Amino acid sequence: MLAMNYRGPFRVRAQQKPMPEIEHPEDVIVKVERACICGSDLHIYHGLVPDTRVGTTFGHEFIGEVVEKGADVNKLKIGDRILVPFNISCGRCAFCKQGLYSNCHESNPEATAAGGIFGYSHTCGGFDGGQAEYARVPYAEVGPMVIPPDIHPDDAVLLTDVFPTGYQAAEMGGIKKGDTVVVFGAGPIGIMAARCAWFFGAARVIVIDRIEYRLEFARNFSHCEAYNFESLEDPVLFIKKTTGYFGADVCIDAVGCEAAGSALQWITGRVLMMQAGSATALHWAINSVKKGGIVSIVGVYGPTDNLVPIGNVVNKGITIRADQCSVKRLLPKLIHHIREGYIEPRQIISHHIPLKEVSDAYHIFSAKLDNCIKTVLIP
Amino acid sequence: MENTSNKYQNIPGWGVDSDPNDNPNYPIKNYNGDDHQRLDWTRPPLQPVTVEILESVEQARMPAVFGTKLPPSGVSGMLRRYAFKYDESEYGHWLNLLLADRINVVEGILHDLSHFRIPNIFAEKGMKADWKYNRKELVTKIIVATAVTTAIVFWLKKKDGKSA
Ligand SMILES: NC(=O)c1ccc[n+]([C@@H]2O[C@H](COP(=O)([O-])OP(=O)(O)OC[C@H]3O[C@@H](n4cnc5c(N)ncnc54)[C@H](O)[C@@H]3O)[C@@H](O)[C@H]2O)c1
Ligand SMILES: [Zn+2]
Ligand SMILES: [Zn+2]
């Protein structure tokens, strides 16, 4: 079968690979219908996540048709079209049972700090991902769900990560009616988080990025204000001023470990790799939230350390809330929101690209070419 | 500018999930006390271990499922095995893994060559997309690279000529 194949930092290609097999009685094999490229994939594409082995197939956002199933798979039928949350979760451990599906303890031998994730390095379990014609899906009756017939496939594929993650970013922010919410990052996740902030009753939503076309997209899709930090003298001071020198009620980090905006962070984090990526957005978030405010982090960081102003977290009494998104927990609510017409997630998809052109697809998304917001690969 | 009108209330879905009484615990979970049972849950069936899987030393037991693709191999594999002697809190774990990743890239190229495949690094980097969407920058890069190379070659030749 054809599959995306990682060859080293900034190098990927489409290549033939053996078909996946059932390896556990609760596995299914799906024939992939769509698979997205995610901002998280960029971190492994850029070689920032330890134990990303050459030959890995990435892809943790995919939907497809069940073509083969293990002995213990009862409810799912051959031919069912399923959407597959990016988290691999058993549904039985103490974490899954309490709804922490991203923190499952039965899906990752290589690290206890992370649950299993499809196609996301051996640090997240060493599973091959869905940017391929076929993929193995463990615990098929726990995380995945049959795609309701009224849900568009492009919405379905965004329900595997982006929409739930944006929603959880806002949810973790504990937004109260009337709050001012600042979202760092106008990538797919930041745009979604900004859009979802309104569901919780925000009165003002501000997005910060440096890419003009993305800021413009956020203004329209997320109904928010959007500012380019490169034309602001200092984004922290700007946020202080625009909130009457009070600080934002909630700040969301939807950037993660490749943040631009500070030479010191970039050199120590990205060039010398002395910290787990650059933490500029998180730094700004901590410093621009109000005293007693909440910083919600969904941006991904590496497993070592980052330079952040932890002293200010203490002095300002800030609450930090963070996690990988627990996709399964949120699915019923978010499908409801799509059906009610509150949101049409697929509007953020800018590119449909054939899997065989995966090298170009990655480069377009990574280098932000052709006004790219979100890319879907079609096997 | 602070938004003083209430126009935002017309945004589809505004306020549908706002509930002043809802102050969920963090991390967001339905706490049920299971944490105090520690690892004592009814486990899923266990996937048979058919290839070498490196296990975190912080793990009490092998989880019920795991990926089996790309077991550690070669020099990078040796380094990965060594890295897994350290726990997840130590630099010895992560930095050795990162180093192994870089060695693995060289192994990947050697593997390609030994299978009569010359990796097309330009294509793998998506340069075709650059040609289509980013031509000006690509051309500038090529011109700069050519100029620098020519200058170096010229300088070396001149130096050669002098020392001869
Ligand atoms: N927690 C989760 O479950 C989860 C799920 C999906 C993605 N993520 C993470 O969310 C992050 C964003 O994902 P994405 O798909 O939107 O990625 P993306 O790369 O498309 O977007 C990131 C954006 O941040 C902008 N940016 C860079 N530096 C900035 C700064 N200092 N301030 C503000 N903006 C800045 C970039 O210009 C870019 O537009 C990534 O780290 C990704 O790994 C987390
Ligand atoms: Zn993702
Ligand atoms: Zn679990």
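Zinc site and chain contact

Biologist: What arrangement do the 4 donor atoms around the zinc ion (ligand 3) make?

Modeller: In this predicted model, numbered from 1 along each chain, local features need pLDDT of at least 70 and side-chain atom pairs 80 or more, while totals for chains, interfaces and linings use all residues. Chains are lettered from A and ligands numbered from 1 in the order written, and side-chain values use heavy atoms, without hydrogens and water. Donors are N, O and S atoms within 2.8 Å of the metal (3.2 Å for Na, K and Ca), and four count as tetrahedral if all angles lie between 85 and 135 degrees. The angles here are 102 to 119°, so the arrangement is tetrahedral.

Biologist: Which residues coordinate the zinc ion (ligand 3), and what spacing do they follow?

Modeller: Each donor is an SG atom, at 2.4 Å. The residues are C90(A), C93(A), C96(A) and C104(A), and the spacing along the chain is C-x2-C-x2-C-x7-C.

Biologist: Are C90(A) and C104(A) buried or exposed?

Modeller: Buried means under 20% relative accessible area, exposed over 50%, partly exposed in between (1.4 Å probe, protein chains only). By that cut-off, both C90(A) and C104(A) are buried.

Biologist: How many salt bridges are there between chain A and chain B?

Modeller: A salt bridge is a side-chain nitrogen of Lys or Arg within 4 Å of a carboxyl oxygen of Asp or Glu. One of them joins D360(A) and K128(B), at 3.3 Å, N to O. The count between chain A and chain B is 10 salt bridges.

Conventions
Tetrahedral: all angles 85-135°; square planar, octahedral: opposite > 155°, others 65-115°.
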